[in-house]
Amino acid sequence: MILRPRLPALTLGIAVILVAVSAWIVIPAPLLLLLPLGIAAPELSAWLLVLAALVAAATLPDWRSDRKSRVALVLAVVTIVISTLPLIRAVVAIPHLEAAMQQALGDDITVRVPASVRAGMRTSPIVIGDLFRGLPSSNPRTTSSTVFGAPDGTPLRMDVYSPPSAGPHPALVQIYGGGWQRGDPRNNAEFAGYFAARGYVVFAIDYRHAPRWRWEAQLEDVRRALAWIRSHGAEQGADVERMALLGRSAGAHLALLAAYAPGAPAIRAVVSFYGPADLTRGFREPPRPDPYDVRSVLGAFVGGTPEEQPAAYRSASPITYATRPLPPTLLIYGGRDHVVSPSFGAALHDKLRATGTTAVFLELPWAEHAFDAVPFGPGGQLALYHTERFLAWALQRP
């Protein structure tokens, strides 16, 4: 009874916060400071929906007699409407994503994958419960900070996540993003642990950062890591003849280059989460709005503009090498990405298909750049589901 007079003010405050957060589902973030909201809001839409429904229910007893309750109810309903949009679009997208996978990989993607591997794979593109409780936790064996090189006196380290059973297991090399300027092999440790628990040896590698070290230092470091893995991977239980590369953003760009550029080692497959594919076009066609200041990031990485460094921009663009058959490639992008436009991934996909390369392009219409920073959201779950099936198709079949 003591709390009853305060309830309208409390529900109104919560309703204001919920509608303010949910607004970034439909409003693109104009500033880097606001980009995390643009990333998280769509992926937390299930939480926003439930919380708004609770606020609406709490206002019902007083909505006729109390103005604050009426305003809170209206704001809660607005939040409910907005927060359903990503969930509806995710459900609508599922058959289209499945069709794209089947078109490239066949109708039954996992038909030749061993039953023991299939048993650990996700059985549904989106698990409703995981939207609230998170993905299943994994505790793989982890070897941290293994030094694989020291160019210019800079130690480069990797973390190795190993399955519980003895190998040999397929090798998955994970490359973090961060605009080529920041990041750490410990990034996305939950993702690495998930795949280690399901029979992959995951090598999360480091590389030197711009602007101190510019292109091609980063690719040299990835190649240095791959050479170390080929020499020492068997000691970690890895079958280095079954190796795939996976990266996010700048790390996806490096993964594509490491698999595509002349002199690349034998790679079975490559997965790009929202990776830059055409740096020249990316500089000339920045997003609107542009919270990340794409041109300054590219300039710091390459060392100038496309007019000043045309050869470097060409050699640093994965699309340059899509002129011959290349390793099977999975490209995943957010449809509302305001850092790397999905159109760049679509263009790379078309060029790869024209060479006869097996390529899959998946676009998540509601998702912003780095959507899988919330791994249990609809975007994170869909990306994980299709990545798992793609890697099983590429690495686990006899």
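What volume does the second largest cavity have? The second largest cavity has a volume of about 40 Å³, where a cavity is a set of points on a 1 Å grid over the protein atoms alone at which a 1.4 Å probe fits but cannot get out, and a volume is the space filled by probe spheres set on the points, which are joined across faces, edges and corners.

This is a predicted model, in which local features need pLDDT of at least 70 and side-chain atom pairs count only at pLDDT 80 or more, while totals for chains, interfaces and linings use all residues. Residues are numbered from 1 along each chain as its sequence is written, and side-chain values use heavy atoms, with hydrogens and water left out.

Select Val117, Met121, Arg198, Tyr200, Glu388, Ala392 and Gln396, which line the second largest cavity, lining residues being those with an atom within 4 Å of a point. Helix 14 gives the most to this lining, with three residues; helices here are DSSP runs of H or I with at least four residues, strands are runs of E with at least two, and both are numbered from the N terminus.

Go next to the largest cavity, whose volume is about 200 Å³, and select Pro276, Val294, Leu298, Val339 and Val340, the closest to its centre of the 19 residues that line it. Helix 11 (294-302) supplies the largest share of that lining, three residues.

Finally, select helix 7 (residues 189-196), where six of the eight residues are buried, meaning under 20% relative accessible area with a 1.4 Å probe and protein chains only. Phe191, Ala192, Gly193, Tyr194, Phe195 and Ala196 are the buried ones.

Key. Buried means under 20% relative accessible area, exposed over 50%, partly exposed in between (1.4 Å probe, protein chains only). On a 1 Å grid over the protein atoms alone, a cavity is a set of points where a 1.4 Å probe fits but cannot get out, and a pocket is an open set with protein on both sides within 12 Å along at least five of seven lines; lining residues have an atom within 4 Å of a point.
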